There are 2 protein chains.
Amino acid sequence: MPLRLSHLFLRTLRDNPADAEVASHQLLVRAGYIRRAAPGVYTWLPLGLTVLRKIEEIVREEMHRIGAQEVHFPALLPKEPYEATGRWDDYGDGIFRLKDRKEADYLLAPTHEEVFTLLVKDLYSSYKDLPLSIYQIQTKYRDEARPRAGLLRGREFIMKDSYSFALTEEDQRAAYDDHRAAYLRIFDRLGLPVVPVNAVSGAMGGSASEEFLFPCDIGEDTFVESDGGFRANVEAVTTPTPEPIDHTNLPAAQVHHTPGTDTIATLVDAANTHQPREDREWTAADTLKNVVVAAVLPDGSRRIVVLGVPGDRDVDLKRAEATIGGIIGVGGEVALEAANEADLKKNPGLVRGYIGPGLSLDAPVLGAQGSTGITYLVDPRVVAGSSWITGANEADQHVFGLVAGRDFGWDGIIEAVVVQEGDPAPDGSGPLRTRRGIEMGHIFHLGTRYAEALGLQVLDVNGKLATVTMGSYGFGVTRALAAIAEATHDEKGLIWPAAIAPADVHLVATGKGDEVYAAAESLITQLEDAGLSVIYDDRPKVSPGVKFGDAELLGVPMLVTVGRGLKNGTIELKDRRSGESHEVAVDEAAAAVLEHVKGLQNLKGAR
Amino acid sequence: MPLRLSHLFLRTLRDNPADAEVASHQLLVRAGYIRRAAPGVYTWLPLGLTVLRKIEEIVREEMHRIGAQEVHFPALLPKEPYEATGRWDDYGDGIFRLKDRKEADYLLAPTHEEVFTLLVKDLYSSYKDLPLSIYQIQTKYRDEARPRAGLLRGREFIMKDSYSFALTEEDQRAAYDDHRAAYLRIFDRLGLPVVPVNAVSGAMGGSASEEFLFPCDIGEDTFVESDGGFRANVEAVTTPTPEPIDHTNLPAAQVHHTPGTDTIATLVDAANTHQPREDREWTAADTLKNVVVAAVLPDGSRRIVVLGVPGDRDVDLKRAEATIGGIIGVGGEVALEAANEADLKKNPGLVRGYIGPGLSLDAPVLGAQGSTGITYLVDPRVVAGSSWITGANEADQHVFGLVAGRDFGWDGIIEAVVVQEGDPAPDGSGPLRTRRGIEMGHIFHLGTRYAEALGLQVLDVNGKLATVTMGSYGFGVTRALAAIAEATHDEKGLIWPAAIAPADVHLVATGKGDEVYAAAESLITQLEDAGLSVIYDDRPKVSPGVKFGDAELLGVPMLVTVGRGLKNGTIELKDRRSGESHEVAVDEAAAAVLEHVKGLQNLKGAR
């Protein structure tokens with residue numbers, strides 16, 4: 001039975017919905033695939049659900065292929081396991097919490113490490129049971145601060161999450177590699193070009209991980225790559241640490257009156273005018289910029305931190321966020337934001353525009369030992385012996401030649417600046433290029449963090465209890481659907497890869513005679529007998545223009561028109577992606593359509 | 001590929017879990033189908049998930065057959081639509097509510113009438129678009145006061161819920177009838193004998209509805225049936241109202257001293273001893289028992305009500321609950337419970353053991369006009385002119401010959417007593433039998449309640465706005481799985497109908513020689529080539545007894561053993577349900593298994 005547009009629960013929209021900014025979001029709503037139910041929460045209409053199920057099935061097949069077994073956990077989970085690992089607090093505002101009628105605490109799970117760990121603990125007890133990979137395709141929840149871009153960042157979404165359990169590093173590595181290969185096959189079948197990049201693991205607490213990014217201008221993640229093959233999320237890029245500089249012969253630091261130089265640009269100008277160097281001009285890279293930020297801790301409190309970075313670099317809060325928790329010794333997700341007026345008022349020791357670490361190691365201003373007591377973290381380029389122009393902690397005063405390690409110290413080192421085009425790759429493989437992407441999947445070596453917190457041990461081959469090593473592997477199912485729409489649309493609408501299109505063929509009947517509809521029905525019968533699925537636009541009083549427009553908006557890759565040509569004995573076949581069309585004789589139409597669909601299915605991303 | 005027990009994520013348990021009281025719950029946990037995650041919240045293990053998916057697929061096929069289209073709504077929904085229909089408050093403690101980071105109110109939806117209505121309003125605008133039936137198979141939430149019996153009454157569970165939209169009563173009736181027929185087909189395919197019974201609709205606000213009950217001793221619902229074909233939930237049984245009795249010649253009521261008669265039994269004894277009748281003995285049916293109950297309103301407040309019922313009847317709080325809201329003019333779900341000490345203390349006008357409506361219409365005690373002001377509702381048998389022995393509102397005093405309508409009145413009539421075996425069917429079709437059952441599905445004519453509250457109107461054929469008429473149709477998917485387990489198990493374990501069994505064949509290999517495993521693998525290949533699915537117990541160091549025990553516990557209907565018989569060239573086939581077994585020659589085994597499985601599939605409940 002074809003999907004008849006005369007009866008399909010569908011309404012296409014001519015205009016973009018007001019709240020939709022990215023193309024995939026606009027088109028999925030306009031083409032009647034999804035509908036907004038609340039911010040970041042969507043309803044699936046019949047066509048959307050069909051595509052979603054096809055993606056899920058591909059994921060399931062590839063999980064099955066690596067021997068992962070499917071289970072299904074609740075979304076509503078009790079607090080206790082998440083409290084045992086610290087994540088109940090770590091997630092801060094990022095998860096939905098609720099209480100039942102007995103005032104017991106629950107959450108809507110954003111990810112399921114804890115309960116997978118407990119389930120394995122519950123069922124298994126011996127090394128003979130391992131290695132094990134289990135997964136689910138399940139609805140997850142995150143209370144995103146800014147749900148955006150439709151399905152790309154929602155608050156209720158579907159993920160495939162797998163977890164592997166092993167006793168040896170070797171088995172865990174194999175499970176990781178299996179998942180990595182499965183992910184690459186899934187993306188290949190979905191026609192989504194992704195790049196795996198090294199990543200840090202944030203709140204998951206893993207020891208190694210990779211992200212699969214779909215390169216895309218609207219992506220929220222920035223990654224870098226070098227010609228030599230280095231690829232990483234910017235959060236995972238480390239700066240090659242310069243060798244310490246011998247500062248034996250450097251002159252003592254000198255404070256200069258530098259009126260009206262509360263920006264790097266005005267400071268560099270003033271330096272070149274009033275304190276010129278002989279060998280070259282001063283540049284922003286000679287200055288040490290001290291940026292005041294507020295770390296918002298999982299419990300909601302704010303902690304002020306100063307970041308000391310070369311003046312030619314901007315601070316990348318997201319990158320700093322990825323590691324600051326570990327550096328300042330706070331567990332859980334720490335959010336970084338620019339300090340606000342209230343933060344600055346509470347810290348009158350910070351002279352805006354003229355902040356510096358202090359003029360000597362005997363009289364530090366920043367840092368735990370400083371007069372302000374404010375944590376001071378510096379960029380790796382602030383290496384011992386490097387010499388800087390920086391604030392002297394008095395209005396209109398800067399100090400020149402302040403030498404790191406000789407004149408000032410710091411509480412820690414942090415990767416906190418924007419990675420720039422041309423920065424060196426950490427592995428020496430050449431200069432980096434930066435690109436934006438959407439995170440489609442993420443695989444982690446978790447190590448023993450969860451197993452230790454929840455007591456997952458099994459008897460090893462010697463009969464001794466051993467702690468299990470784990471991996472976790474996330475794949476955004478609903479996000480993949482949106483990313484594919486993002487990757488393959490044109491100005492007329494969606495263009496699905498054949499593997500996940502809501503139907504194999506979109507057949508439009510136009511014209512008034514009964515013979516048009518009879519010919520269409522006859523062709524559909526032949527196509528369905530051959531195993532194809534058909535969307536059939538049989539609407540009697542709708543103009544051909546509207547029908548063609550809808551067909552292009554809906555995005556089935558193979559379009560067939562039974563209409564005007566019929567009096568000449570022909571039917572039109574059109575490839576949605578290329579726009580190429582040709583007429584075929586009525587009695588050759590079914591064979592021609594079949595052949596074309598087979599061709600589409602053999603394309604990359606359409607198997 | 002068979003499911004190899006050597007690798008399947010499964011652990012069977014010998015003992016019943018401590019929290020499991022009913023057989024389906026015990027066996028589903030012991031056989032490794034489900035695992036408790038929190039009270040009323042379960043995790044699905046691989047075998048359970050397979051059975052669940054098969055049930056879902058049967059439901060989907062039957063929905064598709066009646067032209068219902070599948071969509072999928074979020075579980076997390078904003079408060080506003082539910083506030084518009086009043087259900088946000090009506091549900092009282094029965095739903096999970098939560099707030100997002102912006103303090104906006106959300107709920108985990110227990111049922112989706114509101115958002116289905118809004119979706120249709122959003123997409124459709126003309127009579128041409130109707131009738132329409134749409135459905136989802138989706139995870140639902142209810143904060144049950146007493147989650148129990150495993151999947152039979154959970155807090156997170158899967159339902160299929162459909163909704164029909166029509167402009168005419170006729171179309172709505174057709175959608176209702178289609179769903180009714182689809183449900184009967186589904187239950188038939190699942191092998192679950194259900195009876196459709198008339199029901200009242202509780203908080204759903206419908207005007208007519210039927211429940212599909214699976215008759216079962218552990219069921220929470222009581223229903224009745226007559227030989228003449230009447231069937232109803234007890235909440236929906238109405239008492240044939242007796243004709244008013246001419247009380248012209250009845251003597252005036254008389255108060256008698258009846259010491260120590262604060263129970264019906266002692267009162268009847270005292271009456272027969274001290275105030276004997278001439279024509280016959282007094283019985284409990286001659287007394288009017290006034291039972292104090294507390295109605296807990298959706299806002300949590302308690303309202304005291306007295307129920308006046310014949311002394312030979314017990315009060316059925318659940319039955320009274322079904323209608324009391326409407327009678328006392330309170331919307332939403334009203335819970336009834338026995339009055340507690342505090343309730344009675346607050347109402348000193350109620351003399352325990354001697355409560356009555358008052359001695360004359362001029363001096364009422366109970367009722368809105370009475371000295372207590374307490375709402376007084378009476379059983380339909382308390383018809384005008386009927387004469388009663390009842391409390392005189394003083395300790396040790398009863399009034400005899402108190403005539404309804406002449407001496408006392410009431411605020412309303414309520415069906416509040418237990419329906420008994422032998423009570424007449426409301427339609428005159430004979431005496432009723434009572435049975436217990438589990439509600440498996442529920443279908444409602446909703447009328448225009450939701451469409452009116454949410455403004456769902458479309459243009460009718462004359463171009464005028466008309467309000468849409470709706471129906472809603474629930475089917476408990478996870479509950480069905482448990483009910484099937486309940487219906488078909490034996491003392492050894494589960495016995496699945498072939499249509500939803502986790503595999504077609506459970507093959508046990510026993511013995512030590514390689515030839516056993518080689519013969520098993522060879523048979524499996526033949527069975528899989530013929531399209532059968534196989535669970536293969538290939539565990540090398542597990543005893544035959546354990547393997548057979550697990551096979552019977554897991555409940556695949558066709559058991560095959562490759563073992564001892566092999567040296568004589570035979571393989572054993574066994575029917576799990578009948579326990580009958582026979583040996584077949586190795587080279588005829590595949591054909592014999594196929595034939596047996598086909599036979600099982602042709603059984604009722606296995607198509």
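How much area is buried between chain A and chain B? I began my entries there, keeping in mind that this is a predicted model.

**Entry 1: the interface.** I looked up the buried area and found about 4700 Å² between chain A and chain B. Carbon and sulfur atoms give 58% of that area. I then checked the contacts: 54 residues of chain A touch 54 residues of chain B. On the chain A side, I asked which residues lose the most area to chain B. They are F9(A), R101(A) and L123(A), together 17% of what that side buries.

**Entry 2: the symmetry.** I superposed chain A on chain B with a rotation of 180 degrees and 0.0 Å of shift along the axis. The RMSD is 0.1 Å. That is therefore the relation of a two-fold axis. I looked for the C-alpha of chain A nearest the axis and found that of L98(A), 2.7 Å away from it. I also compared the two sides of the interface. The copies meet through the same surface, because 100% of the interface residues of chain A are also interface residues in chain B.

**Entry 3: a helix pair in chain B.** I turned to helix α2 (residues 46-65) and helix α11 (residues 477-488) of chain B. Their axes lie 10 Å apart, and the packing angle is about 110 degrees. α2(B) and α11(B) are therefore roughly perpendicular. Their crossing is right-handed. From α2(B), I noted G48(B), V51(B), L52(B), I55(B) and E56(B) in the contact. From α11(B), I noted V477(B), T478(B), L481(B) and I484(B). By class, I logged 6 nonpolar, 2 polar and 1 charged residues for this contact.

Notes
Residues are numbered from 1 along each chain as its sequence is written. Chains are lettered from A and ligands numbered from 1 in the order in which they are written. This is a predicted model: local features need pLDDT of at least 70, side-chain atom pairs count only at pLDDT 80 or more; totals for chains, interfaces and linings use all residues. Side-chain values use heavy atoms; hydrogens and water are left out. Axes are lines fitted to C-alpha atoms, for helices over the stretch in contact, and angles run from 0 to 180 degrees between N-to-C directions. Helices (H or I, at least four residues) and strands (E, at least two) are DSSP runs, numbered from the N terminus. Angles under 35 degrees count as roughly parallel, over 145 as roughly antiparallel, 65 to 115 as roughly perpendicular and the rest as oblique. A crossing is left-handed if the near helix is turned anticlockwise from the far one by less than a right angle, and right-handed if clockwise. Contact means heavy atoms within 4.5 Å. Ala, Val, Leu, Ile, Met, Phe, Trp, Tyr, Cys and Pro count as nonpolar, Asp, Glu, Lys and Arg as charged, and the others, Gly among them, as polar. Copies are superposed by least squares on the C-alpha atoms of residues with pLDDT of at least 70 in both. Buried area is the accessible area (1.4 Å probe) that two parts lose on being put together, summed over both.
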